[in-house]
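Me: Hi! Could you walk me through this one with me? I have a few quick questions.

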Amino acid sequence: GAATTALGLTPGGIGAADAVLGAALIGVGLGPGGAAAAVVLYRLIALKLVPRVAWLAYRRRLPCPS
């Protein structure tokens, strides 16, 4: 997964890394539906939740204008 994202063929490794992650989850015994759901959840967290939490933390550190 890390090697596919390091190639930089798509923004954020979308597609290639998802396929590797899905294949790995199926390889350890998770069903295809569960693997797809886990990959989508991972992407939602990585691309939506983490940047928003970081932005909120950054905004809280800024001094309030008087």
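Me: Is Tyr-58 buried, partly exposed or exposed?
Reply: Keep in mind that this is a predicted model. Tyr-58 has a relative accessible area of 45%. Since buried means under 20% and exposed over 50%, Tyr-58 counts as partly exposed.

Me: Thanks! How many aromatic pairs does a search of the whole structure find?
Reply: The search finds 1 aromatic pair. Trp-55 and Tyr-58 form that pair, with 5.5 Å centre to centre and 35° between the planes, and the geometry is tilted.

Me: And how far apart are Trp-55 and Tyr-58 in helix α3?
Reply: They are 3 residues apart in α3, so about one helical turn separates Trp-55 from Tyr-58.

Me: Let's stay with α3. What should its 30 residues span, and what is the distance between its end C-alpha atoms?
Reply: Helix α3 covers residues 32-61, and at 1.5 Å a residue it should span 44 Å. The end C-alpha atoms are 43 Å apart, which agrees.

Me: Where does α3 bend?
Reply: At Ile-45, by about 35°.

Me: Which residues of α3 are buried, and what do they pack against?
Reply: Ala-35, Val-39 and Arg-43 are the buried ones. The buried residues of α3 pack against α2, which is residues 16-27.

Me: Switching to the whole protein: how many helices and strands are there?
Reply: There are 3 helices and 0 strands, giving the pattern α-α-α along the sequence.

Me: Last one, what about burial and surface?
Reply: Of the 66 residues, 11% are buried. The accessible surface is about 5,100 Å², and carbon and sulfur atoms account for 72% of that.

Methods:
Residues are numbered from 1 along each chain as its sequence is written. This is a predicted model: local features need pLDDT of at least 70, side-chain atom pairs count only at pLDDT 80 or more; totals for chains, interfaces and linings use all residues. Side-chain values use heavy atoms; hydrogens and water are left out. Helices (H or I, at least four residues) and strands (E, at least two) are DSSP runs, numbered from the N terminus. The expected span of a helix is 1.5 Å times one less than its number of residues. The bend at a residue is the angle between axes fitted to the seven residues ending there and the seven starting there. Buried means under 20% relative accessible area, exposed over 50%, partly exposed in between (1.4 Å probe, protein chains only). Contact means heavy atoms within 4.5 Å. Rings of Phe, Tyr and Trp (its six-membered ring) pair if their centres lie within 6.5 Å; planes under 30 degrees apart count as stacked, over 60 as edge-to-face and the rest as tilted. Accessible areas come from the Shrake-Rupley method with a 1.4 Å probe; for residues, only the protein chains shown count as cover.
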